[in-house]
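The points follow the structure itself.

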Amino acid sequence: MSISENILNAKKELPPEVTLLAVSKTKPVEDILEAYHAGQFDFGENRVQELELKYKALPKDIRWHLIGHLQTNKVKFIAPFVHLIHSVDSEKLLYEINKEAVKCNRIISVLLQIYIADEETKFGFSFEEADLILNANPKTKYPNVRIQGFMGMATNTENQNKIREEFNSLKQFLLKNESAIDNSQSAILSMGMSSDWKIAIQEGSTMIRLGSSLFGTR
Ligand SMILES: *Cc1c(COP(=O)(O)O)cnc(C)c1O
C-alpha cells in the first residue's frame with residue numbers, strides 16, 4: 001500500500017483523542033510530502049541535523065517533533081521551530097531548552113521521557129527521578145518550558161502482558177502527577193510504535209509514533 005493509504009487507514013482506526021505522529025526518520029522529503037498531502041501534519045525525527053534539513057525543505061505548517069536523544073549543545077538548532085520534544089531525559093536538558101526558548105521568545109512544549117522498559121540501552125528518567133523534577137516547581141524554574149506529559153517505550157518483546165504492564169505503569173504515573181503537568185486536561189501520553197500501538201491505546205496513549213507501518217521498513 002502507498003504511504004497516503006497507510007496514513008488514511010491508520011487515522012480511521014484511531015480514537016479521536018489519539019494523535020498520529022508519523023515517524024519519518026531516514027525517509028526522504030518526498031515521502032513526507034506524500035503523507036502531508038494525505039492530511040498528515042505531525043512528523044517525528046530522532047536526529048537534530050536531519051530534523052533541521054527537513055524543516056527547511058518542507059511546508060512551514062508541518063509540526064515537527066523530536067523523539068530521539070537530544071544533546072544540550074544541539075538544542076539551539078531546533079528551539080526556533082520545534083513543536084514538541086518527546087525525549088527530555090535530564091534536568092540539564094530542561095535548563096538548556098528553557099534558555100534557548102527565552103532567546104527565541106517561545107514557550108517550548110516537552111515531554112519527560114520515562115524509562116519503562118527493562119532494556120539497558122533506553123534513555124529516560126526513572127519514575128523517582130521524574131518525581132523529583134515535578135515536585136521541584138518546574139513551572140517556576142523553567143518558565144519557557146511547558147511539561148505536557150510523558151513519553152515511554154515498552155520493551156521489545158513478544159510478551160503482550162509485559163508491554164501492557166509497562167504502558168499501564170506510565171498511565172498510572174501520569175494520573176498521580178497530573179497537577180504538576182501543564183494543561184492537565186490535555187496531558188500528552190506519547191506511547192506506542194508500529195508493533196505495540198494497539199496495546200498502548202488500550203492503556204491510555206494519546207499519541208502514537210508510527211514509522212515503519214506508515215513508510216515501510218528502514
Ligand atoms: C523509530 C522510532 C519510532 C517508530 O518506530 P516504528 O517501529 O518504525 O514504528 C517511535 N518512537 C521512537 C522514539 C523511535 O525512535
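1. The side chain of Lys25 has an N or O atom 2.7 Å from an oxygen atom of the ligand, which meets the criterion for a polar contact (a pair of N or O atoms within 3.5 Å). The model is predicted, so local features need pLDDT of at least 70 and side-chain atom pairs count only at pLDDT 80 or more, while totals for chains, interfaces and linings use all residues. Residues are numbered from 1 along each chain as its sequence is written, and side-chain values use heavy atoms, with hydrogens and water left out.

2. For Ser194, a polar side-chain atom is 2.5 Å from a ligand oxygen atom; for Arg209, a side-chain N or O atom lies 2.8 Å from a ligand nitrogen atom. Of the 390 Å² of accessible area that the ligand has on its own, the protein covers 89% (Shrake-Rupley method, 1.4 Å probe).

3. The residues around the ligand (a heavy atom within 4 Å) include Val23, Ile67, Met153, Met193, Leu210 and Arg218. The shell consists of five nonpolar, three polar and three charged residues, with Gly counted as polar.

4. The second largest pocket holds about 180 Å³ of space, a volume being the space filled by probe spheres set on the grid points. Pockets are open sets of points on a 1 Å grid over the protein atoms alone, with a 1.4 Å probe and protein on both sides within 12 Å along at least five of seven lines; lining residues have an atom within 4 Å of a point.

5. Among the residues lining the second largest pocket are Asn46, Arg47, His69 and Phe77. Helix H3 (residues 48-57) contributes the most to this lining, with four residues; helices are DSSP runs (H or I) of at least four residues, numbered from the N terminus. The lining comprises three nonpolar, four polar and four charged residues.

Notes: A polar contact is a pair of N or O atoms within 3.5 Å; within protein, one must be able to donate a hydrogen and the other to accept it, and residues adjacent in sequence count only if both atoms are side-chain atoms. Helices (H or I, at least four residues) and strands (E, at least two) are DSSP runs, numbered from the N terminus.
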